[in-house]
Each structure stands twice: as C-alpha cells, then as structure tokens.
Amino acid sequence: MSRSQRLLDLIQVLRRHRRPVAGAALADEVGVSLRTLYRDIETLKAQGAHIDGEAGVGYVLRPGFMLPPLMFSEEEIEALVLGSRWVAERADQPLGDAARNALAKIGAVLPDDLRAGLNASSLLIGPGEALAAGDTELASIRDAIRAERKMQIAYADGKGSPSRRTIWPFALAFFDRVRVVVAWCELRDGYRHFRTDRITALKSTAKRYPRRRAALLKEWRALEGVPEQ
C-alpha cells in the first residue's frame, strides 16, 4: 500500500468513528504498526487535518477537513453505483433524482479509468413491487426531519381506525414495499411507527420539537435494539 493510500484510509477510518478511538484500534483497522500510526497522525495534522487526542487517550477527527478528489477502489465504486441505482428506482422522485445527480458529480472528478468502471457497472436493480401510496409526501417528511419540526397527521391504522396525531419525526425507514416514519407521538406519549401509505393527510408546523433528533434516534435505537448503520 502506498503512503498516500494509507493516509487516505486512516482519514476514512477516523470519519467512521464519532468518538475518540484508541491508537491501537486504529492501527489494527488500517493495518499498520502503532509507531507508523503515530507518524501518520502527525503527517495528517501537518496537512491541516483537525485531529484531537494523543497517544494513550484516543483520536477523533473534527468535522470540516476536506480532502482532494477521492480515489475509490472497484468495490467502492460498485457499492456507490448499486446504492444510487436502488435509491433511484425505489425511493420517491426527488430523492431518486438526487441519487443520480450525486453519482454524476462523483463521476466528474474520477480519473478516466475509474469513470469507465462507474459507467459500466454490471450490478443491476431488479424489478420490484410498485411503490406504496403516500410516497408523494416523503419530501415534506424529510424536510420536517431535517428541521426537527413537529408534524400534524391524520392516520388510519391497520384496521382502518382513524386518528389525528402530532408527531416528532426523526427517521424514515425504507422497506421494499412500504416506507415508515419513526416518530415520537404526543397522543400516545411514546415512540410510534407510521406507514406513509396510511397517512391520509399531513401538515408541517413551525414548531420545533423539544429534543434533538440525534437524541431521539439514539434512545429509540436502544429501546428497539436497532444497531447503527
């Protein structure tokens, strides 16, 4: 492995960790000795990377460090293409268009040989079930999630019983046949899951919900036993 590739791998590993990680664990993940890792950390710092920590304590990369145009392995390119194609085919139109645009931007900065692999990927998305009703509202739901704002919805459960709810949406789950809003429900005073095809009406409000989205998501994961992705 070249030194530049090793430094890039180290940055990528640091980006995956949100909390300080021990030097020994980093060295093992990158595949270098601890001494080499310490040298590489100092090199990245000299190049402008904001890495907090020290030997024996752990390291964490602060947000904001930008790399030159990234190089990808063949497997990484295939993963990007496959993921983008799935979103383009199985998500709502705005998100699908965003996936296509993102892939085009990545292709624009790749070297010619890697761009050829991007365009000629043989990993395809097979036909699936028709999208469930309610997907036209997904863009509004995503906007509310990003802004951490309450939504008012009219909902019919599996038996068709109607109700009106004020919810704090903080996640959106995509399954093959349905989409599910994960939210705190003020009516039930707890976490609930709402299929988008059973939401008969919705309205975003200007009110922010009182807790941060990240805190809600973390607590919900712990309660439901859902691992981080």
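Predicted model: local features only at pLDDT ≥ 70, side-chain atom pairs only at ≥ 80, totals over all residues.
Which residue in β7 is the bridge partner of R149?

**View 1. Pairing of strands β3 and β7.** In β7, R208 is the bridge partner of R149. Strand β3, residues 149–156, runs antiparallel to β7, and six bridges join the two.

**View 2. The open sheet of five strands.** The strand order is β6-β5-β4-β3-β7, and the pairing is antiparallel. β6 (190–195) and β7 (199–208) are the edge strands, each of which pairs on one side only. On average, neighbouring strands of this sheet are turned by 40° against each other, direction ignored. Strands of a sheet pair through backbone hydrogen bonds, in either a parallel or an antiparallel manner.

**View 3. Helix α7 on the sheet.** Helix α7 packs on the sheet, where it touches β3, β4 (162–174), β5 (179–185) and β7. The direction of α7 makes about 80° with that of β4. Within α7, which spans residues 138–147, the residues L138, I141, R142, A144 and I145 are buried. Seen down the axis of α7, these buried residues fall within an arc of 160°, so they line one face of the helix. An α-helix has 3.6 residues a turn, so residues three or four places apart point the same way. E148 follows α7 and has a positive phi, near 55°.

View 4. Leaving aside residues up to four places away in sequence, L37 touches L10, G23, L26, A27 and V32. In soluble globular proteins, nonpolar side chains tend to be buried together.

View 5. Six aromatic pairs are found in a search of the whole structure. The ring centres of F170 and W220 are 6.3 Å apart and the ring planes lie at 70°, so this pair is edge-to-face. The pair links distant parts of the chain, 50 residues apart, with F170 in strand β4 and W220 in helix α8 (residues 213–224). F170 is buried, at a relative accessible area of 3%, and W220 is buried as well, at 11%. Both belong to one aromatic cluster formed by W168, F170, W184, Y191, Y209 and W220.

Key: Residues numbered from 1 in each chain as written. Heavy atoms only, no water. Buried < 20%, exposed > 50% of the residue type's maximum accessible area, 1.4 Å probe, protein only. Helix = DSSP H or I, 4+ residues; strand = E, 2+ residues; numbered from the N terminus. Arc of directions from axis to C-beta. Pairing = 2+ DSSP bridges. Axes fitted to C-alpha atoms, helices over the stretch in contact; angles between N-to-C directions. Contact = heavy atoms within 4.5 Å. Phe/Tyr/Trp six-rings, centres within 6.5 Å; stacked < 30°, edge-to-face > 60°.
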